[in-house]
Amino acid sequence: RWAVRADRPAIQAIADASFRGDPWPPAVWAALHNRRDVIGLVATVDGDVVGYLFYELARRHTVLTFATAPGFRRRGAGPPQLLRHEGAGELPPDDLH
């Protein structure tokens with residue numbers, strides 16, 4: 001599903017667990033959510049965010065960052081599945097930013 005502002009704490013926790021020593025600070029996630037040319041998708045299991053992918057819309061889509069929670073890696077909840085999301089490559093509705 002589309003990433004929403006309420007997902008930021010879960011996204012930050014996954015980033016902290018995945019990029020030890022060099023995770024992006026909360027201000028970076030806020031900036032990504034405010035950009036109209038950046039799409040954020042999250043993978044959920046039982047309503048909990050377990051993975052994310054952010055990419056930039058351009059002539060060629062550019063993946064900016066992605067990660068899966070350690071306990072859900074190699075279980076089909078990661079970025080390749082997120083890219084199959086219906087609507088991937090389109091702008092999300094305005095109320096998600």
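**View 1. Arg35, Asp37 and Glu56 are tied together in a network of salt bridges.** A salt bridge here is a side-chain nitrogen of Lys or Arg within 4 Å of a carboxyl oxygen of Asp or Glu. This is a predicted model, where local features need pLDDT of at least 70 and side-chain atom pairs count only at pLDDT 80 or more, while totals for chains, interfaces and linings use all residues. Residues are numbered from 1 along each chain as its sequence is written, and side-chain values use heavy atoms, with hydrogens and water left out.

**View 2. Zooming in on Arg35 and Asp37, whose side chains form a salt bridge.** The N to O distance is 2.9 Å. Both partners are partly exposed: Arg35 comes in at 30% relative accessibility and Asp37 at 29%. (Buried means under 20% relative accessible area, exposed over 50%, and partly exposed in between, with a 1.4 Å probe and protein chains only.)

**View 3. Glu56 also reaches Arg35 through a salt bridge.** This one spans 2.5 Å, N to O. The pair joins distant parts of the chain, 21 residues apart: Glu56 sits in strand E2 (residues 48–56), and Arg35 in the loop between helix H2 (26–34) and strand E1 (38–45). Helices (H or I, at least four residues) and strands (E, at least two) are DSSP runs, numbered from the N terminus.

**View 4. Over to Asp7 and Arg1, another salt-bridged pair.** Their side chains meet at 2.8 Å, N to O. Asp7 is buried, at 6% relative accessible area, whereas Arg1 is partly exposed at 39%. The structure holds three salt bridges.
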